[in-house]
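Hi,

Here is the structure I promised to pass along.

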Amino acid sequence: MKHFFFAMASASLLLTGCGGGETDDTTDSVEKVEIDRNPYPSTYAPYPSAVTLIKDATVLDGIGGEIAGGDVLLVDGKVSEVAAEIAAPDGANVINAQGKWVTPGIIDNHSHLGVYPSPSVSAHGDGNEISGAVTAEVWAEHGIWPQDPGFPRALAGGITSMQILPGSANLFGGRGVTLKNVPSRTVQGMKFPDAPYTLKMACGENPKRVYGYGGGRFPGGAPYSRMGNVAGYRMAWAKAVEYKRKWDKYAEDGGDPPTRDLELDTLMGVLNGDILVHMHCYRADEMVQIMDMSHEFGYKVTSFHHAVESYKIADKLADYGACSAMWADWWGFKMEAYDGIRENIPMVHKAGACAIVHSDDDIGIQRLNQEAAKALSDGRRAGIQISNADAWQWLSANPAKSLGIFEQTGSLEPGKNADVVIWSGDPFSVYSQAEQVFIDGALMYERGNQTLTPVMDFELGQPGEGDLK
Amino acid sequence: MIRTLLLSTTAAVGLALSAAAQDVAIVNAKIWTGTDAGTLENATVYMSDGTIQGMGVNYAPPSGTRLIDAGGNWVTPGIIAPFSRVGTVEVGAEDSTNDTNASGSAFSVALRAADGFNPAATTVAITRVEGVTQIAVAPANGGSMIAGQGFTADTSGAPDSISNERAFVYVDLGEGGAGLAGGSRPAAWAALRGAFADARGYPARFMAHNEGDTLTRADAQAFGPAVRGQQLILVAAHRASDLRQVIELKAENLNLNLAIVGADEGWMVADELAAARIPVIVDPFSNLPASFAQLGATSRNAERLIEAGVPTAFAHLSNSGHQSRLVLQSAGNAVANGVSFDDAMAAITVVPANIFGMGVSGTIERGGVADLVVWDGDPLEVMTAPTAVFIEGIEQSLVTRQTKLRDRYLDLDETDQPLAYKR
């Protein structure tokens, strides 16, 4: 697979000799130290697929378009054409989808499947490296158990891609990873090819609750307060700026390479624009502080997560250009979730900001379409008119953008990955279910078909093996 | 002056209750009755004095009655959330606002969740506006596998909204209870048997000292009605073998009034549950092996239990303090997974009303309590919402703290004044 290297390390370096004299040709072979940006590369390759023509469905293209009685053609694992009428190519597998709906696969940009898998026994708690408030050096993919039965349940809910994030205990929780929802023996076999890395950060109550032990007394833990949270981020960014300066200087001038620091590698990746920041943040006022901080250090927050109060600053989020990844109606389980309202998602959308429906939950991920439906209808009752077709952006296009994979997936446009769901009916109805789920054109799930229903290793030989789930 | 001020403040926040039951008739309604009458199209239901005093397709209410035109839409009984913590917690993570459990208490059965109920809690109104008019509220397990006694209430927010302060005793006999009892299922069952003996032996075995095998004096006294079958015992358990133990408990104590909540592997013992006439409260969302007690969890659990004849109610068990309102979505998903619409509706109305012996029947019928909801569509659909909610014939406010927050921020323009002045 493709390896990425820091651009600054791409040239060879001439090292000066001890004597300080002119170099000679023998030193040309000494190359600059390179940091491998992709040492755990994806090994995923699309599974075999047939040329597939889905006929006469209600098609939501995921970018605001709806075609009644439309056709979708999948060729070589890509969306080939979406139109009112497409002639079947020779040998195509033609699916009569009259009365059914076709959408892009749902992308959940906030999941802990694999790092907090089922069963949730103590040995499976691999999602929070609680040992320090700043653990930008850890990577979620190193904690993922690919045998989590939650993956196939999510597949049955139409999830074709998802971001697995570290938890929100830490100020910097570590790197997230974007996966294709295909069963695999390895995490590498699920990794979305060429998806950028992400960084999980967290605002508010969680870091200060987890680390502020000792009741604020010496020698207690930090951060103890929201002030401490922000100081903790800023100290880390300040170090990262210095680290980046060293590497930039090394790239420019040569000399001894800087000492590697895995924590700062990740933060430098953010400052270089290679790693996307996803930040857990509930309160409106905190999100605005974070936006200012990102300007202070020269990076961008791609998406605020949970964002229970985004509706209070939807205008500012639109101006800044951050997405909000939200629940439809979760609220009240802690103080910073107390002002949750049912219209958060449509109010963010109405302001022209990027709205995303996310799950953060192994049950919720199975019905994100219903969560979008609830938000959509509550918005309409509050006078916010959004079409079903536009609302589907919350489930595929916008999360794809937030993960840096929208050029590959997230909508039914020619040339994109054929990540497609056929629903038994209107996916905004509680009674509709995903019937067929295609990933890169390959039929990976079919409801009621035992041969197209993954069963994880953990489920073999247990009660309910192979049952309808 | 103070009185006037208070009244106007109450009106302004919009959380006030209507003064009294009005005579109201809902006309042009599609009424799901929950009785043998089935669903009535183009029907009328007439409420007076808090009860339903007339209904039917050709029924005409007394002249002069206030009419609400349902426009052909659904009217159902008020929905029941059969496993909730609404009104006993305001902010889950803030202990000072959370009365659901008491890990530091020396008591168990004697703990009454009703003592912590606040009808003015925001959760009450926020639950009500989703069409949920009745709740069964369980204590949570703190220090004991026997969490205490749960209650039933309506969601009117009125001071007298509790219908039964001591509706049931709640006992965890799954993994959680095992842990609290000392670390194993045998420890939990030994403790339960001890508790039964303490309650049956009360007060005699407490003459000489204050503690029984398992219970304190106050707990043993409080457990009396339950062990004599005069009070429901609600047992939390999932694993098929745990459920069989509960069935056996009933077989050995035929007078016990038992129900089970959870029961993810209930489908594996459905016939036995039906034969023992033990009702269950299941979460239709639960389909993951979340623990080793839930390996057989499947979204078809409800369908199979109902098929076997087990009285089955539905609950949304996750975040029961704030989200038990989602029971309608749970029921809709159960329909998508094989349960009939009528059985799903019964699972959130008639069946839980019967399990808890609530003051309501979960039906719409002449003479019944006028708890009902007018909807703007199919009540189990996620895009549907109530347009009117009646509890004991009183039309309820659909304003909540959440709708007020929404209304404040719908327009973010604060050119002339900060938004804090807007309400």
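**Helix 4 of chain B**

In this predicted model, the buried residues of helix 4 of chain B include B:Ala188, B:Ala191, B:Leu192, B:Ala195, B:Phe196, B:Asp198 and B:Ala199. Looking down the axis of helix 4 of chain B, you'll find its buried residues inside an arc of 165°, so they line one face of the helix.

As for length, helix 4 of chain B runs over residues 185-200, 16 residues in total, and reaches 23 Å from its first C-alpha to its last, close to the expected 22 Å.

**Where chain B touches chain A**

Here, 38 residues of chain B are in contact with 42 residues of chain A. On the chain B side, helix 9 (327-336) and helix 12 (401-409) each supply at least two residues, and helix 9 of chain B gives the largest share, with five. By class, that side has 19 nonpolar, 14 polar and five charged residues.

**Chain A overall**

Chain A has 10 helices and 16 strands. Its radius of gyration is 24 Å, close to the 23 Å from the globule rule for 469 residues, so chain A is as compact as a globular protein of that length. The C-alpha trace of chain A spans about 80 × 60 × 50 Å along its principal axes, and 54% of the chain A residues count as buried.

Cheers

Note on methods. Residues are numbered from 1 along each chain as its sequence is written. Chains are lettered from A and ligands numbered from 1 in the order in which they are written. This is a predicted model: local features need pLDDT of at least 70, side-chain atom pairs count only at pLDDT 80 or more; totals for chains, interfaces and linings use all residues. Helices (H or I, at least four residues) and strands (E, at least two) are DSSP runs, numbered from the N terminus. The expected span of a helix is 1.5 Å times one less than its number of residues. A residue is buried if 20 or more other C-beta atoms lie within 10 Å of its own, exposed if 12 or fewer, and partly exposed in between; C-beta atoms are placed from the backbone. The arc is that of the directions from the helix axis to the C-beta atoms. Two residues are in contact if their C-beta atoms, placed from the backbone, lie within 7 Å. Ala, Val, Leu, Ile, Met, Phe, Trp, Tyr, Cys and Pro count as nonpolar, Asp, Glu, Lys and Arg as charged, and the others, Gly among them, as polar. The radius of gyration is taken over C-alpha atoms; the globule rule is 2.2 Å times the number of residues to the power 0.38.
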